[in-house]
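Here is a short briefing on one protein chain. Take a look at the model, then work through the points below.

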Amino acid sequence: MKKLAILAIVSAAILSACQKQGSDAAAPKTDSVASAPASDSSLVLRPTAEQVAQAKRVGNKHCPVSGEKLGGMGAPVPVIYKGELVELCCAGCVKDFENDPEGMLAKAKADTVLGE
Ligand SMILES: [Zn+2]
């Protein structure tokens, strides 16, 4: 009886493992379709006006790359990382932001705190 029960558990585990793999393989497809319009998962270096409007503004006063005060070199350049909009002082800083978006986002957020 015990052996039968173990067999049943093992085969159930194998079955559910197969089902899990099956749904995992199918999941990314539906996920990417559902989240395609959203801009919250990745780095957007050239956001559209719509993406800018949808993004959450970090509100940094200085460029996290150069430390320049925004607006001093013309209109700030927006970039979006994980749905958060950071403004850079110029297009030249976009590349450096791309190299370390996580750190630059943190820097931009720290700037907001300092500015308050
Ligand atoms: Zn710059």
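Helices (H or I, at least four residues) and strands (E, at least two) are DSSP runs, numbered from the N terminus. This is a predicted model: local features need pLDDT of at least 70, side-chain atom pairs count only at pLDDT 80 or more, and totals for chains, interfaces and linings use all residues. Residues are numbered from 1 along each chain as its sequence is written.

**Overall layout**
- The protein chain has four helices and four strands.
- From the N terminus on, its elements run α-β-α-β-β-β-α-α.
- Of the 116 residues in the protein chain, 22% are buried. Buried means 20 or more other C-beta atoms within 10 Å of a residue's own, exposed means 12 or fewer, and partly exposed is in between; C-beta atoms are placed from the backbone.

**His 62**
- His 62 sits in the loop between strand E2 (56–57) and strand E3 (77–81).
- His 62 counts as buried because it has 21 C-beta neighbours inside 10 Å.
- Leaving aside neighbours within four places in sequence, His 62 is in contact (C-beta atoms, placed from the backbone, within 7 Å) with Gly 67, Glu 68, Lys 69, Leu 70 and Asp 111.
- Leu 88 is 26 residues from His 62 in sequence, yet their C-alpha atoms are 7.4 Å apart in space.

**The largest nonpolar core**
- A nonpolar core is a set of buried Ala, Val, Leu, Ile, Met, Phe, Trp, Tyr and Cys residues joined through C-beta atoms within 7 Å.
- The largest one has 17 residues; Val 65, Val 79, Val 86, Leu 88, Cys 93, Phe 97 and Met 104 touch the most other members.
- E3 gives the most to this core, with four residues.

Terms used
Contact = placed C-beta atoms within 7 Å.
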